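This report describes the overall build of one protein chain and then turns to a single residue within an annotated stretch.

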Amino acid sequence: MLGIECEKEVFILNFIEAIVPLAKKIAKQYHILPSLVIAQAMHESNHGKSKLAIEGNNLFGIKGEYNGQSVKMLTKEFIDGQMVTTAAAFRKYPSWEESIEDLAKLYKNGVSWDRNKYLAILEEKDYKKAAEQVQLSGYATDPDYSKKIIRIIETYQLLQYDTNPKYHLSRDKKGYVTVEDAKKKIREKSLYKAGSYYIFKKVGEIFNLSKVEGMPGSWVNLNQLEEVEFSYTVKSGDTLSKIAAVHDTSVSSLQKINHIHNPHLITVGQIIKTGEKHYYYTVHQGDTVTTIIKRFKLTAQKLQEWNHLKDINVITVGQKLRVK
């Protein structure tokens with residue numbers, strides 16, 4: 001079950017990653033909070049998996065036609081306090097982008113009988129108030145709609161898309177001139193002390209961080225792993241072949257790694273490198289088990305086993321986790 005849940009979370013994160021650029025672009029144009037649009041899309045399309053989202057690229061369940069195109073679906077609505085199943089025609093879009101923009105236009109232009117129906121949603125900076133306005137305007141018939149949207153925004157930390165986001169470094173990090181420099185750990189430009197910085201730009205797990213909002217800084221590789229090389233201290237009665245067998249390697253490999261010319265000449269107290277290496281990742285702000293196993297192509301079970309985690313869902317900022 002744990003694996004299934006993590007797989008589901010990875011799917012959700014992939015959906016968010018895909019929709020964020022579209023939501024930010026359109027939300028900025030129409031003065032709507034991106035977090036609201038993303039949460040509504042997640043809720044109403046089941047993270048892009050609903051039949052309507054698949055067959056009609058319709059993320060919000062908007063009814064009618066779009067450029068003469070529609071798909072007919074069964075839908076559940078609250079009528080007089082009761083859940084009722086009815087058939088309806090829903091708009092069919094060329095892509096998700098048109099679906100998101102159509103929602104934004106609905107909020108801006110209202111409906112033919114009330115052009116101001118959704119105006120309270122526009123320019124609202126508080127995500128809770130914006131979600132409540134969607135409910136109050138009559139957009140959805142579900143009496144708990146706003147609560148569900150707020151819960152999604154908070155659970156998936158969608159507020160980070162509403163402003164120029166900040167990133168909190170839990171420990172000091174080196175800053176580099178370019179993205180490639182950060183990958184190769186060459187041409188250091190600055191040292192970032194632990195603290196909060198504005199994200200100017202990011203390429204994968206490499207962030208351009210700055211103390212000044214809107215200004216470029218240096219590139220910081222947040223995906224850098226700490227390498228730990230294992231060794232063994234020779235005890236009385238040990239032989240190189242015995243050590244090799246215990247550490248699942250060969251005598252020749254141990255000779256090569258440790259520059260041992262005669263495999264029969266090792267001494268008590270001698271440090272023997274085994275060739276085994278583990279790699280550790282330091283948990284940062286915003287990390288979850290799901291994002292970590294996705295990033296390092298792990299299973300939740302393996303992460304839990306390697307790090308002796310009692311509760312797979314509990315990790316803390318600054319914690320070091322073996323990921324390789």
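Accessible areas come from the Shrake-Rupley method with a 1.4 Å probe. On that basis the chain, which is a predicted model, has an accessible surface of about 18400 Å², and 51% of this surface belongs to carbon and sulfur atoms.

The chain holds 11 helices and 11 strands. Its radius of gyration is 27 Å, well over the 20 Å that the globule rule gives for 324 residues, so the chain is more spread out than a compact globule. Further values for the whole chain are collected below.

| Property of the chain | Value |
|---|---|
| Box filled by the C-alpha atoms along the principal axes | roughly 95 × 45 × 35 Å |
| Buried share of the 324 residues | 41% |
| Share of contacts with a separation of 6 or more that join residues 24 or more positions apart | 57% |
| Distance between the mean positions of the 47 positive and 37 negative charges | 5 Å |

According to the UniProt annotation, which belongs to an unreviewed entry, "domain: LysM" covers residues 230-274 and 279-323. Over residues 230-274 the chain is 33% helix and 18% strand, and the C-alpha atoms at the two ends lie 6 Å apart.

Is threonine 282 buried or exposed? Threonine 282 belongs to strand β10, which runs over residues 271-282, and because its relative accessible area is 4%, under the 20% cut-off, threonine 282 counts as buried. Leaving aside residues up to four places away in sequence, threonine 282 touches Ser170 and Arg171, and also Asp287, Gly318, Gln319 and Lys320.

Definitions and conventions. Residues are numbered from 1 along each chain as its sequence is written. This is a predicted model: local features need pLDDT of at least 70, side-chain atom pairs count only at pLDDT 80 or more; totals for chains, interfaces and linings use all residues. Side-chain values use heavy atoms; hydrogens and water are left out. Helices (H or I, at least four residues) and strands (E, at least two) are DSSP runs, numbered from the N terminus. The radius of gyration is taken over C-alpha atoms; the globule rule is 2.2 Å times the number of residues to the power 0.38. Buried means under 20% relative accessible area, exposed over 50%, partly exposed in between (1.4 Å probe, protein chains only). Contact means heavy atoms within 4.5 Å. Lys and Arg count as positive and Asp and Glu as negative; His and the chain ends are not counted. The place of a charge is taken as NZ of Lys, CZ of Arg, CG of Asp or CD of Glu. UniProt positions are given in the numbering used here, feature names are shortened, and annotations may be inferred rather than shown by experiment.
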